[in-house]
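Hi,

Here is the model I promised to pass on.

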Amino acid sequence: MMAYIEFNQVGKQYASEGVVIRALENASFSVEKGELAVILGASGAGKTTALNILGGMDTATSGEVVVDGEVVSRYSDKQLVGYRRTDIGFVFQFYNLVPNLTALENVELAAQIRQDSLDASETLDKVGLSERKNNFPAQLSGGEQQRVSIARAIAKKPKLLLCDEPTGALDYNTGKQILQLLQDMCRREKITVLIITHNSALAPMADKVIHFKNGQVVKMVHNEQPTPVEQIEW
Ligand SMILES: Nc1ncnc2c1ncn2[C@@H]1O[C@H](COP(=O)(O)OP(=O)(O)OP(=O)(O)O)[C@@H](O)[C@H]1O
């Protein structure tokens with residue numbers, strides 16, 4: 001049976017200044033619906049390239065990407081636009097909020113993408129920001145801004161929530177709270193979540209751990225009993 005996400009023998013080459021860089025080489029992994037996957041690997045291992053291809057921000061040179069039965073790797077540019085808009089929620093290291101819109105307005109903007117989106121105000125409640133809805137990004141801490149960006153990503157009810165180093169700019173405790181929130185969102189809202197990190201101590205929080213090395217997936221580990229983030233120290 002096919003998994004919810006299938007990354008099959010994916011290759012990605014970049015040609016820069018006559019040199020070919022193989023960012024991914026026959027990389028394969030799968031993630032089931034509702035799972036929390038952590039993607040681990042050293043700098044340059046291909047993690048971001050893989051996530052960008054999965055999210056339709058970049059395209060594979062070879063191989064196949066399937067999400068929810070759809071062969072995303074065969075999508076036209078136009079189909080990719082729709083896929084990014086409706087099916088994918090992105091959370092980045094830097095929050096990329098619109099500076100002259102309040103927290104609520106930032107989430108509303110994303111919620112407008114689909115008719116059956118979540119209520120923006122309720123989504124901010126879910127991420128613990130009930131008291132800060134009318135603040136502008138500059139008036140919020142880094143952790144609070146990241147909560148807004150998570151609310152923005154989940155308000156449109158994406159099939160996948162893709163997070164690239166979501167705690168990279170946060171201190172230890174704030175980062176931990178954000179990871180706890182992502183784990184909670186996966187469990188409570190049944191969202192499929194993929195998180196890229198450098199920090200191998202985070203492996204126990206995941207249902208599935210995907211290890212990248214030199215553009216390949218060298219190991220996939222399934223945790224029968226993932227550890228709540230609050231119990232992990234690093
Ligand atoms: N647009 C691009 N043009 C040329 N080379 C690229 C491009 N994007 C990525 N690469 C190269 O592909 C390889 C994989 O990069 P990638 O960003 O996927 O690694 P990563 O595992 O996410 O690393 P990091 O943890 O440092 O973000 C690297 O050698 C990188 O320099």
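Below is what I found, going sheet by sheet and then through the helix packing.

Two bits of housekeeping. Residues are numbered from 1 along each chain as its sequence is written. This is a predicted model, with local features needing pLDDT of at least 70 and side-chain atom pairs counting only at pLDDT 80 or more, while totals for chains, interfaces and linings use all residues. Helices (H or I, at least four residues) and strands (E, at least two) are DSSP runs numbered from the N terminus, and two strands pair if DSSP finds at least two bridges between them.

Six strands make an open sheet with mixed pairing, in the order 6-7-8-3-9-10. Strand 6 and strand 10 (216–222) are at the edges with a single partner strand each, so one side of each has no neighbour in the sheet. From one strand to the next, the twist averages 20 degrees (axes are lines fitted to C-alpha atoms, for helices over the stretch in contact, and angles run from 0 to 180 degrees between N-to-C directions).

Strand 7 pairs in the parallel sense with strand 6 (residues 88–91) over four bridges, and Gly 89 has Leu 161 as its bridge partner. Strand 7 also runs parallel to strand 8 (residues 192–197), joined by five bridges; there, Leu 162 is partnered by Leu 194.

Strand 7, helix 6 (residues 172–189) and strand 8 build a right-handed β-α-β unit (with the strands pointing away from you, the path from the first strand over the helix to the second runs clockwise). Helix 6 lies across strand 3, strand 7 and strand 8, at about 160 degrees to strand 8. Further along the sheet, strand 3 (residues 36–41) and strand 9 (residues 208–213) run parallel with five bridges, and Gly 41 sits opposite Phe 212.

Strand 1 (residues 5–16) and strand 4 (residues 62–67) are antiparallel over five bridges, with Asn 8 opposite Glu 64. Contact means C-beta atoms, placed from the backbone, within 7 Å.

**Helix pairs**

How do helix 5 and its partners cross? The axes of helix 3 (residues 103–111) and helix 5 (residues 142–155) come within 8 Å and cross at roughly 25 degrees. That makes the two helices roughly parallel (angles under 35 degrees count as such). Among the residues in contact are Ala 103 and Val 107 of helix 3, and Val 148 and Ala 151 of helix 5.

Helix 5 and helix 6 have axes that come within 10 Å and cross at roughly 20 degrees, and are therefore roughly parallel to each other too. Contacts there include Gln 146 and Ile 150 of helix 5, plus Ile 178 and Leu 181 of helix 6.

Cheers

How values were computed:
Angles under 35 degrees count as roughly parallel, over 145 as roughly antiparallel, 65 to 115 as roughly perpendicular and the rest as oblique. Two residues are in contact if their C-beta atoms, placed from the backbone, lie within 7 Å.
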